[in-house]
Structures are given as C-alpha cells and as structure tokens.
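Hi,

Here is the structure I promised to pass on. Please open it alongside this note.

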Amino acid sequence: MENHSRRSFLYSLSMLAAGTALTSPLYGFSTTKKLKLVLVGTGVRGISFWGKRLLEQYPDKLEFVGLCDINPGRVAYAKKFMGASCPTFTDFDKMIKEQKPDLIIVTTKDAVHHEYIIKGLKYGCDVLTEKPLTIDEDKCQQILAAERASNKKLIVGFNYRWGPYVTKIKELLAEGAIGEITSVDFNWYLNTHHGASYFRRWHGLMNGGGSLWVHKATHHFDLLNWWLDSDPEEVFAYGALEHYGKNGPFRSKNCRSCDHKKDCKYYWDITKSDHDMRLYVDNEKYDGYLRDACLFRNEIDIYDKMSAQIRYANKAVVNYSLTTYSPFEGWRLAFNGQKGRIEAWTDIPFFKNENLSQAELHAAEMNQNLKEDTAVEPVILFKNWENFKTINVTSERGGHGGGDKRLHDKIFVNPNAADPLKHSAGVRDGVMSVLIGVAARKSIQTGQPIKIANLTDLKPSANRV
Ligand SMILES: NC(=O)c1ccc[n+]([C@@H]2O[C@H](COP(=O)([O-])OP(=O)(O)OC[C@H]3O[C@@H](n4cnc5c(N)ncnc54)[C@H](O)[C@@H]3O)[C@@H](O)[C@H]2O)c1
C-alpha cells in the first residue's frame with residue numbers, strides 16, 4: 001500500500017509537471033526505437049482500432065510481433081485484415097516467451113481481461129487494456145495487486161475522455177466556471193441499433209461483460225470521475241430487463257436461422273457484411289461464437305434499464321440513467337454548481353436541424369476513417385445572475401467523437417507531452433469506474449446502498465490521486 005501511495009503521489013506530480021516525472025501511465029514509451037507490440041483478442045475492436053489503425057498511422061513507431069486469440073481462424077483473418085507480418089498464436093504464454101514484446105494490448109472479451117493483464121505484468125511487459133478494466137471487484141483487487149508488484153505501466157484505453165467536446169466540459173469545470181459542483185444529471189441513450197448490438201453477443205451475459213453497468217457505463221462513470229475529479233463513495237441503483245431477452249415476442253438461435261425474419265424489427269443480416277462474415281461466421285466452427293445471436297434469447301441475464309444515484313467523496317451527487325432501446329442515440333448532462341450550471345448534450349436529433357439515420361450515425365461513430373466529417377455541438381455555460389453563453393465545440397463524428405485518435409497520439413506519438421487536464425488513465429481510474437457499476441449491480445440485488453470502500457482496498461478520495 002505504502003509503495004502504491006507513493007507511486008500514486010508521483011503520478012499526480014507527473015500530471016502537474018508532465019514531462020519530468022516518470023510514472024504517468026502513458027509516460028516513457030520510447031520515441032526513438034520501434035515499440036514491439038502483441039495483441040490478444042482479435043475481434044473487431046482489436047484488429048481495427050488497435051490493429052490496422054496503429055499499423056497505418058504509426059509505421060515508424062511500432063510493429064506487431066504477435067497476434068493471439070483462442071480462435072485460430074479469427075486470428076488468421078486478423079493478420080490478413082491488419083496487413084501484419086508477425087506470427088499468430090492461440091497460446092498467449094508461448095507468444096510472450098517467444099516474441100518478448102514491450103507492450104501487450106488486451107482486447108479480448110471483458111471477462112478475461114484480468115488474466116492477460118496480470119500475466120503480462122508478471123512477464124515484465126507494459127500492458128494496455130481496453131475498457132472495462134475487468135468485470136468484478138475480486139478481479140479488480142487481483143489486478144491492483146499485480147500492478148503494485150510490478151514496475152510496469154498499466155494503461156486503460158479510456159478513449160471517450162479524449163474527445164474535444166467532453167474535454168471542453170472538463171476545462172470549464174477545472175477552471176471553476178460554475179464554482180463547486182454539488183450535483184449532476186447524466187442520461188445516456190443507446191439506440192435500437194447500438195443498444196441492441198450488446199444483446200446479440202457475450203455482452204448480454206453477466207459473466208461476459210459484467211452487464212452494461214460495467215461494459216458500457218464504465219465509459220460514463222470514468223467521465224464522471226474525471227470531470228468531478230473525485231472518487232465515488234456510495235451507489236444506490238435500480239435496474240430491470242424489460243425489452244430484450246425473455247421479453248421478446250418470439251426467439252431463435254440467431255438471425256440467420258430465424259423463422260421470424262419478416263416480423264422482427266431487430267432482424268440483422270450479417271451475410272451483407274463481408275468483413276463480419278470472415279471475422280465471425282467463418283470461424284463459428286472453432287468456438288460456436290454467434291455474432292448474430294438472437295437478442296430475445298432466454299439466457300440473457302443483464303439489465304436493459306438502469307438508473308443510479310452516486311455520491312462522491314467530494315459530496316457531489318449524480319443522477320445517472322442508461323437506456324438501451326431508444327429511437328435515437330445520444331446523451332444529456334447538466335452540472336449544478338454553487339455559481340451556475342453547465343448544460344451539455346450530443347446527438348439529440350430534435351435539438352439540431354439534421355435527421356441522419358441512426359444506423360448511419362452508429363456506423364460513423366465506430367469508423368476510424370472519417371477524418372473530414374465533423375459536427376458542432378454546443379455547451380451552455382450559465383452563471384448565476386448572468387445571461388447564458390453558448391460555446392460551440394467542433395468534434396469529429398468518427399472514432400468516438402475524435403477521442404480514439406487523440407488517445408493513440410498521446411500514447412504513441414507524444415507520450416511525454418504535458419497532460420494538464422489529466423486525460424491519461426491508469427489502474428485507479430479503471431478500478432473506480434468499474435466499481436460504480438459493480439456497486440450498482442449489488443445495490444439492485446440487495447436493495448441497499450453500496451459503499452465503494454467495501455469493494456476493494458482502495459479508499460475513495462475527495463481529490464483524485
Ligand atoms: N473503447 C471503446 O470504445 C470500445 C469499443 C468496442 C469494444 N471495446 C472493447 O474491446 C474489447 C473487444 O470487443 P469486441 O467488440 O472486439 O469483441 P469481439 O467479440 O469482436 O472480440 C473479442 C475477441 O476475444 C476473443 N476471446 C474470447 N475469449 C478469449 C480468451 N479467453 N483468450 C483470448 N481471446 C479470447 C474472441 O475470440 C474474440 O476474437 C472488449 O473489451 C470491449 O469492451 C471498446
């Protein structure tokens with residue numbers, strides 16, 4: 001604990017005087033020699049964002065020396081799709097021992113992130129994991145122990161933090177534009193394309209992604225923790241499964257084999273995508289993973305309606321909700337401060353004069369190649385006793401609002417650059433965002449508020465360390 005506190009202290013110092021201290025999770029990757037990377041979990045996120053994009057954007061900075069997945073067919077396709085020249089593996093230990101990477105990128109399904117994070121740190125490698133860090137409190141504790149025992153970096157790929165729009169909000173809060181924050185309203189709406197997509201796959205099972213309280217809301221809770229610059233202290237939540245899973249009017253194994261193609265609004269024809277066919281369908285024979293599984297199947301055991309109250313160590317309280325079958329995708333946010341209020345929202349179609357198809361908007365958000373396609377969204381700054389001001393922020397539509405590429409640039413191009421708004425995320429950020437979701441699950445199960453301090457040995461702090 002002692003050692004960890006000291007490291008956390010040094011880490012905060014590095015945030016104040018970035019470029020001089022050595023402990024920021026993004027600090028210190030070599031800018032002169034090529035980084036040797038391996039990637040484990042060659043699904044869509046791994047091979048596109050962490051695979052093909054890295055190879056295309058940073059050929060002088062890095063090279064892949066291994067790709068690994070439990071599915072031999074998928075890992076073989078991954079290599080072709082990425083245009084990589086490295087060997088492929090189905091045995092992670094063999095890959096690490098033979099290839100001796102500098103950095104391991106973990107993009108498997110959520111439930112097994114911890115296995116590769118812990119092994120990777122033990123092997124003496126830096127590790128970068130996709131969100132969520134992991135799916136429950138015991139695994140959080142195991143990861144904390146492994147990180148403390150190692151002298152290597154563990155980075156959590158919180159891309160949302162890096163978008164210009166959320167960064168503008170952080171800037172306003174950090175400069176005290178509305179004084180001390182007392183409460184927050186945060187509502188996130190997933191539409192019938194994006195929201196539904198989680199119920200088609202492993203995300204629909206509690207033991208796959210820890211429910212959307214963890215898999216999806218980890219992004220939102222991380223933003224809240226970062227914006228408020230405080231740790232969460234206590235969570236009370238409600239949740240239910242009322243739309244997908246057992247609630248469907250009919251069900252099948254998957255869309256391809258379904259007798260209700262014509263009647264089902266959610267029918268999704270995976271055969272129309274050559275990429276999805278090669279990545280998933282061609283490799284079902286190895287592991288039975290159905291990418292187009294029925295979202296009304298009875299085994300789905302996560303919530304599709306979620307609502308929580310979170311009290312922070314700095315006394316701010318948050319009202320949060322997540323909807324998974326909204327006709328539009330977007331979010332709304334308001335901060336109440338002692339000196340005013342900030343209102344923010346993105347993609348609310350009736351707030352702007354455009355009516356883009358929801359399917360296209362979702363495809364654009366995931367796309368890594370939409371450099372020129374931008375959107376302007378307002379942030380409203382309303383100080384008490386004054387007129388409100390509208391601050392227009394331009395963001396990219398692609399790559400999660402421009403967050404994706406800025407995260408990459410920070411890690412691989414400017415690892416030693418100053419980080420005045422504390423964008424870089426490490427293990428404590430990863431754990432704290434997961435624990436809000438874990439606490440929400442426990443609160444629903446017990447009907448009681450849950451204290452974050454009782455979940456791991458991290459004690460919530462009013463000022464993030
Ligand atoms: N930050 C973001 O915005 C963002 C976006 C999408 C996905 N993600 C994250 O990326 C990760 C992958 O998501 P995806 O959509 O690519 O999922 P996916 O299902 O397409 O890929 C997951 C891969 O993990 C492999 N896998 C499963 N169990 C394994 C094991 N025990 N060992 C090794 N490999 C194993 C599967 O075979 C599959 O290839 C998830 O953690 C997800 O949360 C993050």
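Below is what turned up around the ligand and among the salt bridges.

Keep in mind that this is a predicted model.

Ligand first. The ligand is surrounded by 26 residues, and the closest are Asp69, Asp110, Tyr116, Tyr280 and Tyr289. By class, that shell holds eight nonpolar, ten polar and eight charged residues. Helix 2 (44-57) and helix 5 (113-122) each give at least two residues to it.

Tyr280 puts a polar side-chain atom 2.5 Å from a ligand oxygen. A polar backbone atom of Gly43 sits 3.4 Å from an oxygen of the ligand. For His219, a side-chain N or O atom is 3.5 Å from a ligand oxygen. On its own the ligand exposes 850 Å², and the protein buries 92% of that.

Now the salt bridges. The count is 28. Arg45 and Glu130 pair through their side chains at 2.7 Å, N to O. Arg45 is in helix 2 and Glu130 is in the loop between strand 5 (126-129) and helix 6 (137-149), so the pair ties together parts 85 residues apart in sequence. Glu130 is buried, at 6% relative accessible area.

Two other pairs sit within helices. Lys52 and Glu56 form a salt bridge, with their closest N and O atoms 3.4 Å apart. They are four residues apart in helix 2, about one helical turn. Lys94 bridges to Glu98 at 3.3 Å, and both lie in helix 4 (residues 92-99). Lys94 is partly exposed at 42%, and Glu98 is partly exposed at 45%.

Finally, a network of salt bridges links Arg161, Asp222, Asp229, Lys422, Asp429 and Arg464.

Best wishes

Conventions:
Residues are numbered from 1 along each chain as its sequence is written. This is a predicted model: local features need pLDDT of at least 70, side-chain atom pairs count only at pLDDT 80 or more; totals for chains, interfaces and linings use all residues. Side-chain values use heavy atoms; hydrogens and water are left out. A residue is near a molecule or strand if one of its heavy atoms lies within 4 Å of it. A polar contact is a pair of N or O atoms within 3.5 Å; within protein, one must be able to donate a hydrogen and the other to accept it, and residues adjacent in sequence count only if both atoms are side-chain atoms. Accessible areas come from the Shrake-Rupley method with a 1.4 Å probe; for residues, only the protein chains shown count as cover. Ala, Val, Leu, Ile, Met, Phe, Trp, Tyr, Cys and Pro count as nonpolar, Asp, Glu, Lys and Arg as charged, and the others, Gly among them, as polar. A salt bridge is a side-chain nitrogen of Lys or Arg within 4 Å of a carboxyl oxygen of Asp or Glu. Buried means under 20% relative accessible area, exposed over 50%, partly exposed in between (1.4 Å probe, protein chains only).
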